[in-house]
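Here's a quick briefing to read alongside the coordinates. Have the structure open and follow along, one topic at a time.

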Amino acid sequence: MRGLEGKNVIVTGGTSGIGEATVRRFLDEGARVVAFGHRADECAAARRALTGLLAAIPLDVADPQQVADAFARADELFAAAGDPQLHVLINNAGISIRHPFLEIEPADWERVIAVNLNGMFFCAQQAGRRMAERGGAILMTASTNGIVGHPYYADYNASKAGVILLTRSMALELAPQVRVNCVAPGYVMTPMQRAEYTPEMLQATNRKIPLGRHALPEEIAALFAFLASDDAGYITGAVIPIDAGETAGGLASRDWILPSGTPQ
Ligand SMILES: NC(=O)c1ccc[n+]([C@@H]2O[C@H](COP(=O)([O-])OP(=O)(O)OC[C@H]3O[C@@H](n4cnc5c(N)ncnc54)[C@H](O)[C@@H]3O)[C@@H](O)[C@H]2O)c1
């Protein structure tokens, strides 16, 4: 990719799944990367596993003070490495809970919104303030769950729909210095997905996906790398599904729900 070498990049949720693959991709592109993760042990493991990583900083993105402190620490690390300017934020940390709408407890609703929407806002605002004059790119992880309804994830879906409109609003306010875009992955094979889907559920889901499989985290990382690069210089305010055709169809796409996967 053009224009990623030597850039300073923060990846939230950079210790697992999509975020970890994204850290690896930006390191491969020659960027300086700081990962944010939730737990100290995850961060210690990421530091050991990801050669070249500048740091992995534990925080709760739902806490604005912890977010401010983590960005300040990243500033120091980038400055010590030779360039204090933050160029790219991959705003990706998130959680999900599979539960029926009628059984969602207020505390669960509040936690999902606090991490997935408030956390995205706190991190994006910190990055936006640092980029407002000298420019940069902010990339958000939404989901196809923020585009169409999915059962058992009402809180998650609402949070991801919020991320999409947060992206578009920021893109308007931060232009022309900062480009703000959002990726909307479909089903990605990560620890989050494995925690909530049995092997039978994964197979049944694959039969509904036009390309017939889950995404690899590296495939989402590749889209982030493109969107952060100079090649994406005319793209802002975009919401890009990366979903193997999951959201391409209307009623006709229901054919894919057949157990055989054969349209009739
Ligand atoms: N896996 C999928 O199928 C899928 C599909 C669409 C969107 N997404 C989104 O992609 C993003 C990454 O998901 P994943 O599947 O890689 O999940 P994952 O569970 O593998 O990783 C989640 C990451 O977020 C971090 N995190 C969680 N809570 C946090 C908190 N309170 N503060 C700071 N960091 C926190 C974790 O430390 C971890 O690094 C999420 O926003 C998720 O909603 C995932």
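This is a predicted model: local features need pLDDT of at least 70, side-chain atom pairs count only at pLDDT 80 or more; totals for chains, interfaces and linings use all residues.

Thr167 has 26 other C-beta atoms within 10 Å, and 20 or more is enough to call a residue buried, so Thr167 counts as buried.

**Thr167 and its surroundings**

- Thr167 sits in helix 5, which covers residues 154-174.
- Leaving aside residues up to four places away in sequence, Thr167 touches Met140, Val180, Asn181, Cys182 and Val239.
- Take Ala142 as a reference point: Thr167 and Ala142 are 25 residues apart along the chain, and their C-alpha atoms are separated by 9.4 Å.

**Around the ligand**

- There are 28 residues around the ligand.
- Which of them come nearest? Those are Gly13, Gly17, Gly94, Thr190 and Met192.
- Two helices to look at here are helix 1 (17-28) and helix 6 (191-196), each of which supplies at least two residues of the shell.
- By residue class, the shell around the ligand splits into 12 nonpolar, 14 polar and 2 charged.

**Helix 3 against helix 4**

- Helix 3 (residues 64-80) packs with helix 4 (residues 106-131) at an angle of about 35°, and their axes are 10 Å apart.
- Is the crossing of helix 3 and helix 4 left-handed or right-handed? This one is right-handed.
- On the helix 3 side, the contact is made by Pro64, Val67, Ala68 and Phe71, while helix 4 brings Phe122, Cys123 and Gln126.
- Sort the residues of that contact by class and you get 6 nonpolar, 1 polar and no charged.

**The chain as a whole**

- Zooming out, the chain has 8 helices and 7 strands.
- The radius of gyration of the chain is 18 Å, close to the 18 Å that the globule rule gives for 264 residues, so the chain is as compact as a globular protein of that length.
- Along its principal axes, the C-alpha trace spans about 60 × 40 × 35 Å.
- Buried residues account for 43% of the 264 residues, and Thr167 is one of the buried ones.
- Looking at contacts between residues at least 6 apart in sequence, 70% join residues at least 24 apart.

Key: Residues are numbered from 1 along each chain as its sequence is written. Helices (H or I, at least four residues) and strands (E, at least two) are DSSP runs, numbered from the N terminus. The radius of gyration is taken over C-alpha atoms; the globule rule is 2.2 Å times the number of residues to the power 0.38. A residue is buried if 20 or more other C-beta atoms lie within 10 Å of its own, exposed if 12 or fewer, and partly exposed in between; C-beta atoms are placed from the backbone. Two residues are in contact if their C-beta atoms, placed from the backbone, lie within 7 Å. A residue is near a molecule or strand if its C-beta atom, placed from the backbone, lies within 6 Å of it. Ala, Val, Leu, Ile, Met, Phe, Trp, Tyr, Cys and Pro count as nonpolar, Asp, Glu, Lys and Arg as charged, and the others, Gly among them, as polar. Axes are lines fitted to C-alpha atoms, for helices over the stretch in contact, and angles run from 0 to 180 degrees between N-to-C directions. A crossing is left-handed if the near helix is turned anticlockwise from the far one by less than a right angle, and right-handed if clockwise.
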